[in-house]
Amino acid sequence: MPKARVLAVDDQRYFRELIEGLLTEEGYEVQTASSGEEALHILEREDFEIVVTDLVMPGIDGSQLVARIKERIPDQEIVMVTGVVDVKTAVEAMKQGATDYILKPFDRKILVRSLEKILQRRRLRDEHARLM
C-alpha cells in the first residue's frame with residue numbers, strides 16, 4: 001500500500017518525471033499533470049493526500065491553482081515548488097493556503113521530509129478528531 005497519493009503539477013516534463021520518480025521510489029503513488037487546468041480536472045475525479053505544484057506555469061499558475069483547489073477542497077495539503085527565490089512570493093503562497101514552499105533545485109530529502117511532516121500532522125489531526 002502506498003504511503004499516500006500525490007498529484008505532481010509542473011509544466012516542465014523534466015520536473016514532473018523527476019518528482020514522480022523520486023516519490024515513487026519512496027513509496028508514494030504519484031500522478032502528474034502538465035498544467036493547472038489539467039490538475040483541476042484530475043482533482044474533480046480523484047482524491048490525493050498531497051498536491052505538489054510548480055509556481056510559474058502558463059495559464060493557471062501555482063498561486064491561482066492553490067486558491068482554486070482551496071475553494072473546492074479546503075483541507076487539501078499543497079506543496080509549492082519553485083525556482084523563484086522571493087520571500088514575498090513564498091509568503092503569498094502560504095497565505096493562499098500552501099502547506100509548504102520548496103525551492104528548485106531541491107534536494108530529494110527536503111521534498112520527502114516535507115511530505116512526511118504533512119502526513120504526520122494529518123494523522124495527528126485525524127486522530128484528534130476521532131478522539132473528540
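Leaving aside its neighbours within four places in sequence, Val-51 is in contact with Leu-7, Val-9, Leu-43, Ile-69, Gln-76, Glu-77, Ile-78 and Val-79. Contact here means heavy atoms within 4.5 Å.

A quick word on what you are looking at. This is a predicted model, in which local features need pLDDT of at least 70 and side-chain atom pairs count only at pLDDT 80 or more, while totals for chains, interfaces and linings use all residues. Residues are numbered from 1 along each chain as its sequence is written, and side-chain values use heavy atoms, with hydrogens and water left out.

Now, the core. Val-51 is among the residues with the most contacts inside the largest nonpolar core, alongside Leu-7, Val-9, Leu-65, Ile-69 and Met-80. That core has 21 residues. By nonpolar core I mean a set of buried Ala, Val, Leu, Ile, Met, Phe, Trp, Tyr and Cys residues joined through side-chain atoms within 4.5 Å. Buried means under 20% relative accessible area, exposed over 50%, and partly exposed in between, using a 1.4 Å probe and protein chains only.

Which elements give two or more residues to this core? They are strand E1 (5-9), helix H2 (36-45), helix H3 (62-72), strand E4 (77-82) and helix H4 (87-96). The largest share, 4 residues, comes from H2. These labels are DSSP runs numbered from the N terminus: helices are H or I with at least four residues, strands are E with at least two. A second, separate core has 19 residues, including Val-6, Ala-8, Leu-22 and Ile-102.

Let's look at H2 next. Its buried residues are Gly-36, Ala-39, Leu-40, Ile-42 and Leu-43. Seen down the axis of H2, they fall within an arc of 165°, so they line one face of the helix. The arc is that of the directions from the helix axis to the C-beta atoms. On the face turned away from the buried side, H2 carries the exposed residues Glu-44 and Arg-45. The buried residues of H2 pack against E1, strand E2 (29-33), E3 and H3.

Gly-62, Ser-63, Leu-65, Val-66, Ile-69 and Lys-70 are its buried residues. Down the axis of H3 they fall within an arc of 160°, so they line one face of the helix. They pack against E1, H2, strand E3 (50-54), E4 and H4.

Finally, charges. How many salt bridges does a search of the whole structure find? It finds 11. A salt bridge is a side-chain nitrogen of Lys or Arg within 4 Å of a carboxyl oxygen of Asp or Glu. One of them joins Arg-5 and Glu-29, at 3.0 Å from N to O. Arg-5 lies in strand E1 and Glu-29 in strand E2, so the pair ties together parts that are 24 residues apart in sequence.

Another salt bridge joins Glu-77 and Arg-125, at 3.2 Å from N to O. This pair links distant parts of the chain, with Glu-77 in strand E4 and Arg-125 in helix H5 (residues 108-131), 48 residues apart. Glu-77 counts as buried, at 8% relative accessibility, whereas Arg-125 is partly exposed, with a relative accessible area of 42%.
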